[in-house]
Amino acid sequence: MDIKAKVTEIVEKIKSDDNLKDEFNENPTKAIEKIVGVDLPDDMVNGIVTGVKAKLTGDALSGGIDKIKDLF
């Protein structure tokens, strides 16, 4: 399994579905296993959760920076 590709796929799904976004915020492990469709080993899920959170946070930060740039 290509973790980086899977993280990108999961992030896109979460960004496009508010219910899934809420579920991820409440229980990231369960949400990711639901998206992937399999019960993954804890170490793999934890790595994916960390990657997804980082990407979601990074995307939100870059969006905020772009908005600030537009002000100037």
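User: How many helices and how many strands does the chain have?
Analyst: The chain has four helices and zero strands. Helices are DSSP runs (H or I) of at least four residues, strands are E runs of at least two, and numbering starts at the N terminus. In order, the elements run α-α-α-α. This is a predicted model, in which local features need pLDDT of at least 70, side-chain atom pairs count only at pLDDT 80 or more, and totals for chains, interfaces and linings use all residues. Residues are numbered from 1 along each chain as its sequence is written, and side-chain values use heavy atoms, with hydrogens and water left out.

User: What makes a residue buried, and which residues of α3 are buried?
Analyst: Buried means under 20% relative accessible area, exposed means over 50%, and partly exposed lies in between (1.4 Å probe, protein chains only). In α3, Pro28, Ala31, Ile32, Glu33, Ile35 and Val36 are buried. Across the 72 residues of the chain, buried residues make up 26%. Just after α3, Gly37 has a positive phi of about 90°.

User: What makes a set of residues a nonpolar core, and which members touch the most others in the largest one?
Analyst: A nonpolar core is a set of buried Ala, Val, Leu, Ile, Met, Phe, Trp, Tyr and Cys residues joined through side-chain atoms within 4.5 Å. The largest has 15 residues, and Ile10, Ile14, Phe24, Ile32, Ile48 and Val52 touch the most other members. At least two residues of this core come from each of α1 (3–16), α2 (18–26), α3 (28–36) and α4 (42–71).

User: Which residues does Phe24 touch, leaving out those up to four places away in sequence?
Analyst: Phe24 touches Ile14, Ala31, Ile32, Val49, Val52, Lys53 and Leu56. Contact means heavy atoms within 4.5 Å.

User: Why are α1 and α2 called roughly perpendicular?
Analyst: Their axes come within 5 Å and cross at roughly 115°. Axes are lines fitted to C-alpha atoms, for helices over the stretch in contact, with angles from 0 to 180 degrees between N-to-C directions. Under 35 degrees counts as roughly parallel, over 145 as roughly antiparallel, 65 to 115 as roughly perpendicular, and the rest as oblique. So α1 and α2 are roughly perpendicular to each other. Lys13, Ile14, Lys15 and Ser16 of α1 meet Asp18, Leu20, Lys21 and Phe24 of α2.

User: Why are α2 and α3 called oblique?
Analyst: The axes of α2 and α3 come within 5 Å and cross at roughly 135°. Therefore α2 and α3 are oblique to each other. On α2, Leu20, Glu23, Phe24 and Glu26 make the contact; on α3, Pro28, Lys30, Ala31, Ile32, Lys34 and Ile35 do.

User: How do you know that α1 is roughly perpendicular to α3?
Analyst: The axes of α1 and α3 come within 11 Å and cross at roughly 100°. That angle makes α1 roughly perpendicular to α3. The contact joins Lys6, Ile10, Lys13 and Ile14 of α1 to Ile32, Ile35 and Val36 of α3.
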